[in-house]
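Let's take a walk through a protein model together. Have the sequence and the 3D view ready, and follow along as we go.

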Amino acid sequence: MQVKLIRFIVLLLERITAHFVSIHLRPWKFSKHVLKSDYDSYGKYQSEWCILLQGPIITKNSFTLQTILLYRYVYPNAKIILSTWKDEAKKLDKNKLNDLKVDVLLNTKPDYVGISNINLQLVSTIAGINFASDQGVKYVLKTRTDQRVCKSLDFLGHMRNLQTNFPSSNDKMDNRLIVASTNSFKSRLYGVTDMYMFGSISDMKLFWQIPTEQKSETLHEVKTDPVYFISNKQAEGYLVSHFFNSIDFSPSWSVENSHYFLSQFFCIVDKEQLDLFWLKYERFIESFSFLRKNDAKNWERFEFADWLKAYIMYRKIE
């Protein structure tokens, strides 16, 4: 009955949209049965490996807690840090988190949250990275409380394999940073997503340990062309502009220079490789181009194949 209903709905949507439609089901909750039948457990990753979840607690369908339960099963010995806010404490199942051996950081929110809440992300992320560093962590995956890696995959090992097989040739970093293709767009010069990032602890500090954004009394000119989104130094642009300074990189604001930058300091992992699910915005439709037909070209994602092309091109030049 359930399959017949889904088929009916899908066929109806296909007729309405003139597109092929498929259904991707992800479980709300992870029981022992679901975990043991669908996921492997990787005990070799010890406390020098860390998964950092930052942001507010998502209580709908116990999303954040269920994500942590999944990650703890997959990585029983790795460190898991939840960096959130003091006013989120009432939402926490402290006994459950203690049983799952999760380190919980309750931070004080900054007075000024910044454009697109950039200071909220900075404060909670820096607190988590510094705590991890103090605990002797060597590798950190920074993700969000409203996102989940759903694929049955050793994703920590996958990130590290990318670093090993594509070693960084610059003298500013120990390894390149691995970022997801979510919100990485071809049309956005130097577009580095800040949602999902894996790196060595020193490199993560290099990217994230920067001052919070200060409130400005004067409005500066904002470029509306999405190509120059990063140049506005807002949201992700604030992070990337500081990273330019940290690695002594001078952008020329060209496609070629952008590709060079990404090929030298980063690597892209496609969100489909991880089945990275984001419980936000239009989560029901995973194609940006369908939602934004008038400017679909601006929303094509910069993916691993694009990054690999740039990597090969600029490796030959060097």
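Which residue follows α5, and is its phi positive or negative? It's Gly136, and its phi is positive, near 85°.

Before going on, a word on the ground rules. This is a predicted model, where local features need pLDDT of at least 70 and side-chain atom pairs count only at pLDDT 80 or more, while totals for chains, interfaces and linings use all residues. Residues are numbered from 1 along each chain as its sequence is written, and side-chain values use heavy atoms, with hydrogens and water left out. Helices (H or I, at least four residues) and strands (E, at least two) are DSSP runs, numbered from the N terminus.

**Helix α5**

Helix α5 covers residues 118-134, which is 17 residues. From its first C-alpha to its last it reaches 24 Å, close to the 24 Å expected at 1.5 Å a residue; that expected span is 1.5 Å times one less than the number of residues. Several α5 residues are buried, among them Ile118, Leu122, Gly128 and Ala132. Here, buried means under 20% relative accessible area, exposed means over 50%, and partly exposed lies in between (1.4 Å probe, protein chains only). What covers the buried residues of α5 includes β1 (49-54), β4 (139-144) and α8 (236-246).

**Strand β4**

How many residues of β4 are buried? Six of its six are, so to speak, tucked under cover. On one side sit Tyr139, Leu141 and Thr143, on the other Val140, Lys142 and Arg144, and all are buried.

| Pair | Bridges | Direction | Facing residues |
|---|---|---|---|
| β4 and β7 (197-200) | four bridges | antiparallel | Val140 and Gly199 |

**Helices α7 and α8**

The axes of α7 and α8 come within 8 Å and cross at roughly 115°. (Axes are lines fitted to C-alpha atoms, for helices over the stretch in contact, and angles run from 0 to 180 degrees between N-to-C directions.) Leu206, Phe207 and Trp208 of α7 make the contact with Leu239, Phe243 and Ser246 of α8, where contact means heavy atoms within 4.5 Å.

**Cysteines**

A disulfide is a covalent bond between the sulfur atoms of two cysteines. Counting pairs of cysteine sulfur atoms within 2.5 Å, we get zero disulfides. Cys150 counts as buried because its relative accessibility is 9%.

How values were computed. Two strands pair if DSSP finds at least two bridges between them.
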